[in-house]
Amino acid sequence: MGAGKSTVGKFLSNYLGIGFIDLDDMLEKRFGCSISDYFAKNGEESFRKEEYNALRDIFTRPEKDMVLALGGGTLTKPESAELVKNNSIVVYLYCSEDALYKRLVKGKARRPLLADKSEEGLREEIRLLTARREHIYKSAANFTVDTSIWGLERIIGQIAGLLPLPADESQETGTK
């Protein structure tokens with residue numbers, strides 16, 4: 001949460017010339033309300049089930065080359081983590097707790113797990129979420145990129161450099 005998944009995802013997809021899906025945006029369209037509202041009405045367990053169903057839909061699409069921005073808690077559901085790990089290259093966008101605090105304090109009302117937190121409560125929630133989730137992110141990730149210290153252009157370049165190059169058809173057929 002706050003590491004830059006949506007922003008980096010949009011720019012990376014443009015850079016690579018492939019599609020982009022923001023899982024949270026997709027779910028909000030399905031629900032017809034914000035994720036915060038859905039959480040308040042239906043709870044986290046229901047949300048995680050819907051999130052998993054959306055992931056299944058995404059990974060059964062014919063278009064395979066895309067950038068997918070997950071929600072901060074997506075990988076906390078083991079079934080979702082397995083689905084993502086088995087069907088994609090996972091880049092963990094690491095962000096320091098201080099940088100996360102600076103980013104999240106501005107827009108915490110839009111985030112269901114943070115909306116009612118004081119400034120100290122927000123810092124504590126970031127510490128707790130990091131402690132609970134970081135090992136999950138690391139175990140799912142093929143690569144880790146630090147988004148707390150670099151600018152967007154460098155982050156995009158770093159990620160693009162880590163991804164496998166598309167197969168060159170002329171090499172496969174032996175023609176030029």
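Contact here means that heavy atoms lie within 4.5 Å of each other. The exercises below use this idea on a predicted model.

**Exercise 1. Describe how the protein is built up along its sequence, and state what share of its residues count as buried.**

Solution. Begin with the inventory of secondary structure, which comes to eight helices and four strands. Next, read these elements along the sequence, where they follow the pattern α-β-α-α-β-α-β-α-α-β-α-α. Then turn to burial: of the 176 residues of the protein, 37% count as buried. Finally, consider the contacts between residues at least 6 apart in sequence, of which 69% join residues at least 24 apart.

**Exercise 2. Find which residues of helix α2 meet which residues of helix α3, and work out how the two helices are oriented.**

Solution. First locate the helices, with α2 covering residues 23-31 and α3 covering residues 35-59. On the α2 side, the residues in contact are Leu23, Asp24, Met26, Leu27, Glu28, Arg30 and Phe31, and among their partners in α3 are Ile35, Tyr38, Phe47, Glu50 and Ile58. The next step is the geometry: the helices pack at an angle of about 115°, and their axes are 10 Å apart. Since angles of 65 to 115 degrees count as roughly perpendicular, α2 and α3 are therefore roughly perpendicular to each other. As for handedness, α2 passes α3 in a right-handed crossing.

**Exercise 3. Determine how α3 is oriented relative to helix α4, and name the residues through which they meet.**

Solution. Helix α4 spans residues 78-87, and α3 packs with this helix at an angle of about 15°, the axes being 10 Å apart. That angle makes α3 roughly parallel to α4, because angles under 35 degrees are counted in that way. The crossing of these two helices is left-handed. The residues that α3 brings to this contact are Tyr52, Leu55, Arg56 and Phe59, which meet Glu79, Ser80, Leu83, Val84 and Asn87 in α4.

**Exercise 4. Explain how the buried residues of helix α1 are arranged around its axis, and identify what covers them.**

Solution. Start with the helix itself, which has twelve residues, 5-16, and reaches 16 Å from its first C-alpha to its last, close to the 16 Å expected at 1.5 Å a residue. Within α1, the buried residues are Val8, Gly9, Leu12 and Ser13. They cover an arc of only 130° around the axis, so they lie on the same side of α1. On the other side of this helix, Asn14 and Tyr15 are exposed. The elements covering the buried residues of α1 include the strands β1 (19-22), β2 (66-69) and β3 (91-94), together with helix α7 (152-162). Just after the end of α1, Gly17 takes a positive phi of about 70°.

**Exercise 5. Compare the accessibility of Ser13 with that of Glu63, and place each residue in the chain.**

Solution. Ser13 has its place in helix α1, whereas Glu63 is found in the loop between α3 and β2. Ser13 has a relative accessible area of 4% and is buried, because buried means under 20%. Leaving aside neighbours within four places in sequence, Ser13 is in contact with Ile18, Gly19, Phe20 and Val67. Glu63, by contrast, has a relative accessible area of 40% and is partly exposed. The C-alpha atoms of Glu63 and Ile18 are separated by 9.5 Å, although these residues are 45 residues apart along the chain.

Notes: Residues are numbered from 1 along each chain as its sequence is written. This is a predicted model: local features need pLDDT of at least 70, side-chain atom pairs count only at pLDDT 80 or more; totals for chains, interfaces and linings use all residues. Side-chain values use heavy atoms; hydrogens and water are left out. The expected span of a helix is 1.5 Å times one less than its number of residues. Buried means under 20% relative accessible area, exposed over 50%, partly exposed in between (1.4 Å probe, protein chains only). The arc is that of the directions from the helix axis to the C-beta atoms. Axes are lines fitted to C-alpha atoms, for helices over the stretch in contact, and angles run from 0 to 180 degrees between N-to-C directions. Angles under 35 degrees count as roughly parallel, over 145 as roughly antiparallel, 65 to 115 as roughly perpendicular and the rest as oblique. A crossing is left-handed if the near helix is turned anticlockwise from the far one by less than a right angle, and right-handed if clockwise.
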